[in-house]
Amino acid sequence: MVGEAASGSGLAASWTRVRNRLRSEYGEVAFENWLNRLDVADFSGDSLVLSAPSRFMRDWVAPRYGDRIRALWRLEDPSVRTVDIVVGEGNTVSFKQESPLERAPERVADRPGRPIHDEAVTALLDPKLTFDNFVVGKPNEFAHAAARRVSEAENAPFNPLFIYGGVGLGKTHLMQGIAWSLRKRQPHKQVMYLSAEKFMYRFVRALRFKNIMGFKELFRSVDVLMIDDVQFMDGKDATQEEFFHTFNELVDQGHQIVISGDRSPSDLEGMEERMRSRLGCGLVAEVHSTSYELRLGILQAKAEGSAGSKVPDKVLEFLAHKITSNVRELEGALNRVVAHATLVGRPIALDSAQEVLHDLLRAHDRRVTIEEIQKRVSDYYNIRVAEMSSARRAQMVARPRQVAMYLAKQLTSRSLPEIGRKFGNRDHTTVMHAIKRIDQLSQSDPSFAEDVELLRRTLES
Ligand code: ADP
Ligand code: MG
């Protein structure tokens, strides 16, 4: 469903209104420096694409203003779901022109129901996310090799390829790398890349417009189907059912499927068992957390790419040492340092970098690991750390273990299965039970609640 804003003059008028709002919210300087350089590059259905004149500009604008721009657009047209910012018009790459939906309208149109081929299904690919720009190191070499193999093979070498790992570690980059590479090497192949959310959204639309035939046809006509962030397909039964059938048919026909998720197939709690086992039956490749060497390598590659300001090795080493969470934050930190130096017109140096990033660095210093929690809690209750992973159920070790699980959930961003694994490979339901139990006890026993609170505070400081 395309709202008012999609029609030509409506679009221009909306854009003008959004720009005026941005100008008044962020002020003249920010507007002239950054926002005024954006243009509408594409609008199709639920996604709006803006173009920025340079990569630097894009990397600056997207994290700072992206959400606000999207929110303002949604006031103009609530059907807009994503706003992407791409680099330069010439670089705006869309599979739209070549995607099956545009190539095969007749074939689909003579099916019953309304063709859903009225707008782009495939997400825009980011020109930056190619294999050439992907830095390979120990933590990601296996996933990278698997992705390469898929993009070079004539027939699906393993099906599906399932890539998983934490946020910001390069899963989307690898998938888009596959898409770009296929496009270059095997342009005859129809490649479809989209998020699991978009897949669900499509499906719900097809249901609403009674066009399941068109939906099936569309997804089953592709040679390579890539679905990103499959964990978001959780719990939507009908979509999962349809995904399952699409999946099986594509695999039966020997078409390649590539899936990404934030955890391994067996840990996708929201998925039906048969789907989980299907997802895990090809090749499962994990993208591990970054190592210092990989982070430094990535920073060096990015710093080389950013024209103009030279980033001293000391600063790169400092960043690689300090920003350990994921590559996205690492890139963000580098961008901030570069942008700051550019704006104030001074060369990049270690002390100014530290200053620019002080809030980020503080947040990092505060991040607690499950190991620290286990250690602190064991000390507090005077038990051995090994009891955190032991099978003993005696109250004197079981209770502290539950406290540690509870704190792990509260103080880290780990999922329940991840936490369970760190506690002697326990099931996520055990962790869930522990959290409930500690909540109950805290309510009924004030001195127990105090213990937990004290532990939390010492861990957080
Ligand atoms: P995920 O999909 O796993 O959350 P992304 O693929 O979106 O992560 O990666 C986050 C950012 O980090 C992207 O800008 C990506 O280009 C960059 N990135 C991740 N891994 C690498 C790598 N090995 N080399 C270069 N850039 C990387
Ligand atoms: Mg991703």
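Let's start with a cluster of rings. Ring pairs join Phe199, Phe203, Phe215, Phe219, Phe243 and Phe247. Keep in mind that this is a predicted model. In total, the structure has 10 aromatic pairs.

Here is one pair in detail. The ring centres of Phe162 and Tyr164 are 6.4 Å apart, and their planes make an angle of 50°, so this pair is tilted. Are these two residues buried or exposed? Phe162 is buried, because its relative accessibility is 0%. Tyr164 has a relative accessible area of 17%, so Tyr164 is buried too; the cut-off is under 20%.

Back to the cluster, and on to the helices. Two packed helices are described by the angle between their axes and the distance between the axes. Take helix H8, residues 196-208, and helix H10, residues 237-252. Their axes come within 10 Å and cross at roughly 100°. That makes H8 roughly perpendicular to H10, because the angle falls in the range of 65 to 115 degrees.

Which residues meet there? From H8, we have Phe199, Met200 and Phe203. From H10, we have Ala238, Thr239, Glu242 and Phe243. By type, the residues of this contact are five nonpolar, one polar and one charged.

Next, charges over rings. Which ring does the charged end of Arg81 sit over? The ring is that of Tyr201, and the charged end of Arg81 is 4.6 Å from its centre. There is also Arg208. Its charged end sits over the ring of Phe209, 5.8 Å from the ring centre.

Now two single residues. Look at Gln176, in helix H7, residues 171-185. Gln176 counts as buried, because its relative accessibility is 5%. What does Gln176 touch, leaving aside neighbours within four places in sequence? The contacts are Leu124, Leu125, Asp126, Leu129 and Tyr193.

Last, Val397. Find Val397 in helix H18, residues 395-411. At 1% relative accessibility, Val397 is buried as well. Not counting residues up to four places away in sequence, Val397 is in contact with Ile383, Glu387 and Arg392. Now compare sequence and space. Val397 and Asn382 are 15 residues apart in sequence, and 9.5 Å separates them from C-alpha to C-alpha.

Notes. Residues are numbered from 1 along each chain as its sequence is written. Chains are lettered from A and ligands numbered from 1 in the order in which they are written. This is a predicted model: local features need pLDDT of at least 70, side-chain atom pairs count only at pLDDT 80 or more; totals for chains, interfaces and linings use all residues. Side-chain values use heavy atoms; hydrogens and water are left out. Axes are lines fitted to C-alpha atoms, for helices over the stretch in contact, and angles run from 0 to 180 degrees between N-to-C directions. Helices (H or I, at least four residues) and strands (E, at least two) are DSSP runs, numbered from the N terminus. Angles under 35 degrees count as roughly parallel, over 145 as roughly antiparallel, 65 to 115 as roughly perpendicular and the rest as oblique. Contact means heavy atoms within 4.5 Å. Ala, Val, Leu, Ile, Met, Phe, Trp, Tyr, Cys and Pro count as nonpolar, Asp, Glu, Lys and Arg as charged, and the others, Gly among them, as polar. Rings of Phe, Tyr and Trp (its six-membered ring) pair if their centres lie within 6.5 Å; planes under 30 degrees apart count as stacked, over 60 as edge-to-face and the rest as tilted. Buried means under 20% relative accessible area, exposed over 50%, partly exposed in between (1.4 Å probe, protein chains only). A charge sits over a ring if NZ of Lys or CZ of Arg is within 6 Å of the ring centre and within 35 degrees of the ring normal.
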